[in-house]
Amino acid sequence: DSAWARAGIGGEALQAEVGNAVLIAVFEHANRALAYAQEEAAPGAGKLSRERAHELAAAGFSEYAASYPLSENAAEAQFFAGEILFEQGRHVEAAAAYEKVAAADSGKRRADAALGRLYALEAALKAEAGKDGYAALPPSGKAGARAEVPPLAAKYVEAADRLLKVGAYKRKAPAFLYRAAQLLLSYGQSQDANRRFKVVADRFP
């Protein structure tokens, strides 16, 4: 038997132990990279750009979460990957990173990830639609004409539903759900929209 087996450490326990050590190294690397990028680089010094440092940090956190999914800190790493991607303006990727944490049945970052995902999707929708709303008008060009809800908008609606299900951020959840209902209504999805309007009215008078 290996020394690990003789010590009674294996399987999930081993992965958790190794994962915790790796996470410490990832955090240290990320912090150093970000601090390094913020320094004023002398001409020709070849120091990391802030954008490149963010890329390295996000990649490190994502790789950790994928390599050590059983670690108690896997969700923490995934959440911080989302935070960095959001900071970079990579909102669709950030939403995907947050979703992996928010979709869990429990976890200390679940609520924060559910909220972060909504902010990321909202930013992505605004970028897609311009400054006039949370989503572009349906293909017909008429607000309220029934049309299929695009994938990004559908994700926003699902994320608003999830935040309500998580039960956190009760002051913010109704506003997100109301905007999700407006979004559905703009695509002519009246039944689904009205159901969410009713939830807001009944549960958050």
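This is a predicted model: local features need pLDDT of at least 70, side-chain atom pairs count only at pLDDT 80 or more; totals for chains, interfaces and linings use all residues.

Me: How many helices and strands does the protein chain have?
Reply: There are nine helices and zero strands. Read along the sequence, the pattern is α-α-α-α-α-α-α-α-α.

Me: How many residues does the largest nonpolar core have?
Reply: That core has 47 residues. Those with the most contacts inside it are Leu118, Tyr156, Leu163, Phe176 and Leu183. Helices H3 (50-67), H4 (74-87), H5 (91-102), H6 (110-129), H7 (151-166), H8 (173-186) and H9 each supply at least two of its residues.

Me: What does phenylalanine 176 touch?
Reply: Not counting residues up to four places away in sequence, phenylalanine 176 touches Leu115, Leu118, Tyr119, Glu122, Tyr156, Ala160 and Leu163.

Me: Let us stay with the helix there. Is H8 mostly covered or uncovered?
Reply: H8 is mostly covered, as 10 of its 14 residues are buried. Phe176 is one of these, and others include Leu177, Arg179, Leu183 and Leu184. The cover over the buried residues of H8 includes H6, H7 and H9.

Me: What span should H8 have, and how far apart are its end C-alpha atoms?
Reply: At 1.5 Å a residue, the 14 residues of H8 should span 20 Å. The end C-alpha atoms of H8 are 20 Å apart, so the two values agree.

Me: What comes just after H8?
Reply: Glycine 188 is found there, with a positive phi of about 75°.

Me: Now to H9. Where does arginine 196 sit, and what does its side chain reach?
Reply: Arginine 196 is in helix H9, which covers residues 190-203. The side chain of arginine 196 reaches the backbone oxygen of aspartate 192 at 3.0 Å. Leaving aside neighbours within four places in sequence, arginine 196 is in contact with Val157, Asp161, Leu177, Ala181 and Leu184.

Me: Why does arginine 196 count as buried?
Reply: Arginine 196 counts as buried because its relative accessible area is 13%, and buried means under 20%.

Me: What about arginine 117: is it buried or exposed?
Reply: Arginine 117 is buried, with a relative accessible area of 2%. This residue is found in helix H6. The side chain of arginine 117 makes a polar contact with the side chain of glutamate 158, at 2.5 Å.

Me: Which residues is arginine 117 in contact with, leaving aside its neighbours within four places in sequence?
Reply: Arginine 117 is in contact with Ala95, Tyr98, Glu99, Lys155, Glu158, Ala159 and Arg162.

Me: Changing topic to the loops, where is glutamate 72?
Reply: Glutamate 72 is in the loop between H3 and H4. With a relative accessible area of 66%, glutamate 72 is exposed. Glutamate 72 and glycine 107 are 35 residues apart in sequence, while their C-alpha atoms are 9.1 Å apart in space.

Me: And where does alanine 104 lie?
Reply: Alanine 104 lies in the loop between H5 and H6. Its relative accessible area is 27%, so alanine 104 is partly exposed.

Me: Is tyrosine 64 buried or exposed?
Reply: Tyrosine 64 counts as buried, at 2% relative accessibility. Tyrosine 64 lies in helix H3, and its C-alpha atom is 8.1 Å from that of glutamine 78, 14 residues apart in sequence.

Me: Finally, what share of the protein chain do buried residues make up?
Reply: Buried residues make up 37% of the 205 residues. The protein chain exposes about 11700 Å², of which carbon and sulfur atoms supply 52%. Among contacts between residues at least 6 apart in sequence, 58% join residues at least 24 apart.

Note on methods:
Residues are numbered from 1 along each chain as its sequence is written. Side-chain values use heavy atoms; hydrogens and water are left out. Helices (H or I, at least four residues) and strands (E, at least two) are DSSP runs, numbered from the N terminus. Buried means under 20% relative accessible area, exposed over 50%, partly exposed in between (1.4 Å probe, protein chains only). A polar contact is a pair of N or O atoms within 3.5 Å; within protein, one must be able to donate a hydrogen and the other to accept it, and residues adjacent in sequence count only if both atoms are side-chain atoms. Contact means heavy atoms within 4.5 Å. A nonpolar core is a set of buried Ala, Val, Leu, Ile, Met, Phe, Trp, Tyr and Cys residues joined through side-chain atoms within 4.5 Å. Accessible areas come from the Shrake-Rupley method with a 1.4 Å probe; for residues, only the protein chains shown count as cover. The expected span of a helix is 1.5 Å times one less than its number of residues.
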